[in-house]
Amino acid sequence: MANPYFQFKRFTVWHDKCAMKVGTDGALLGAWAQADSLKHVLDIGTGTGLIALMLAQRGADRIDAIDIDMDACLQARDNIARSPFAGRIQVHHAALDSFEPAEGMAYDLIVSNPPYFADSLRCPDDKRRLARHTDTLTLPDLLHVSRGWLAPQGRIALVLPFDQRDRLVNAAREEGLYPARETHVSSVAGAKPKRLLMELSADPAGDVPASHLVIEMERGRYSAEFTRLMRDFYLKI
């Protein structure tokens with residue numbers, strides 16, 4: 001039986017009630033997203049609450065975390081209540097198009113580990129389908145709504161499969177958003193990138209050089225870069 005929780009250094013994330021379990025994608029985004037001087041953060045599709053908890057540990061003052069799935073919200077609320085950061089994270093059961101931020105709210109950072117299996121076989125489990133597929137949250141919709149809630153100097157940070165890069169950049173451009181920072185992630189040394197970490201902003205900064213992150217040098221041995229990124233969170237690192 002899979003472990004029903006994942007122990008981090010400063011909090012525990014239970015995922016037995018969530019369709020999508022704790023995984024590397026969410027942990028990467030929570031550690032990689034720029035978190036300097038964050039006042040207000042929005043986590044779209046929070047699931048277990050992992051990314052919200054990581055950003056709270058990194059100093060964000062107030063985080064709104066939303067999810068369309070009630071069981072995920074209940075799990076996230078429980079995980080957050082047991083953490084040292086309970087006073088800074090509010091979980092909302094809402095779809096993106098029905099969520100209403102507090103009046104006058106503008107977010108310094110909007111993060112999402114969005115559904116991305118747009119072209120794959122539909123999952124028969126409804127909860128996993130909601131979490132994995134773009135039936136209920138398309139990339140253009142995510143960017144369009146997020147753009148309206150972004151502070152003038154704010155950023156949107158996403159993790160996606162690497163083959164979605166062109167789709168992401170084109171959809172962002174339609175909303176007046178441009179790459180501000182990006183990292184290509186390979187699972188092991190020498191492998192092609194499998195994941196893309198990207199931050200978008202309203203400032204057209206021109207060509208932004210991409211960095212490359214390797215998770216493991218060989219099976220079971222993390223790279224120095226990944227170790228630096230995750231050392232405040234992973235127990236065995």
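Q: In which loop is Phe99 found?
A: This is a predicted model, in which local features need pLDDT of at least 70, side-chain atom pairs count only at pLDDT 80 or more, and totals for chains, interfaces and linings use all residues. Residues are numbered from 1 along each chain as its sequence is written, and side-chain values use heavy atoms, with hydrogens and water left out. Helices (H or I, at least four residues) and strands (E, at least two) are DSSP runs, numbered from the N terminus. Phe99 belongs to the loop between strand E5 (89-93) and strand E6 (107-112).

Q: Does Phe99 count as buried or exposed?
A: Buried means under 20% relative accessible area, exposed over 50%, and partly exposed in between, with a 1.4 Å probe and protein chains only. The relative accessibility of Phe99 is 7%. Phe99 therefore counts as buried.

Q: With which residues is Phe99 in contact, leaving aside its neighbours within four places in sequence?
A: Contact means heavy atoms within 4.5 Å. Ile68 is 31 residues from Phe99 along the chain, and their C-alpha atoms are separated by 9.8 Å. Beyond four places in sequence, the partners of Phe99 are Leu42, Asp64, Ile66, His92, Ala94, Tyr107 and Trp149.

Q: How many of the residues of H2 are buried?
A: Helix H2 spans residues 50-57 and includes Leu53, a residue with a relative accessible area of 0%. Its buried residues are Leu50, Ile51, Ala52, Leu53, Met54, Leu55, Ala56 and Gln57. H2 is thus largely enclosed by the rest of the structure, the buried count being eight of eight.

Q: Which residues are in contact with Leu53, leaving aside its neighbours within four places in sequence?
A: Pro84 is 31 residues from Leu53 along the chain, with a C-alpha separation of 9.1 Å. The contacts of Leu53 beyond four places in sequence are Phe11, Val13, Asn79, Ile80, Ser83, Phe85 and Ile89.

Q: Why do the buried residues of H6 line one face of the helix?
A: In helix H6 (residues 165-174), Leu168, Val169, Ala171 and Ala172 are buried. Viewed down the axis of H6, these buried residues line one face because they fall within a limited arc. Asp166 and Glu174 are exposed on the other side.

Q: What covers the buried residues of H6?
A: Just after H6, Gly176 has a positive phi of about 70°. The covering of the buried residues includes helix H5 (139-149), strand E7 (150-161), strand E8 (178-188) and strand E9 (195-201).

Q: How far is the sulfur of Cys18 from the closest cysteine sulfur?
A: A disulfide is a pair of cysteine sulfur atoms within 2.5 Å, and by this rule the count is zero. Cys18 is buried at 5% relative accessibility, and Cys73 is buried with a relative accessible area of 0%. The closest cysteine sulfur to that of Cys18 is in Cys73, too far for a bond at 8.8 Å.

Notes. The arc is that of the directions from the helix axis to the C-beta atoms.
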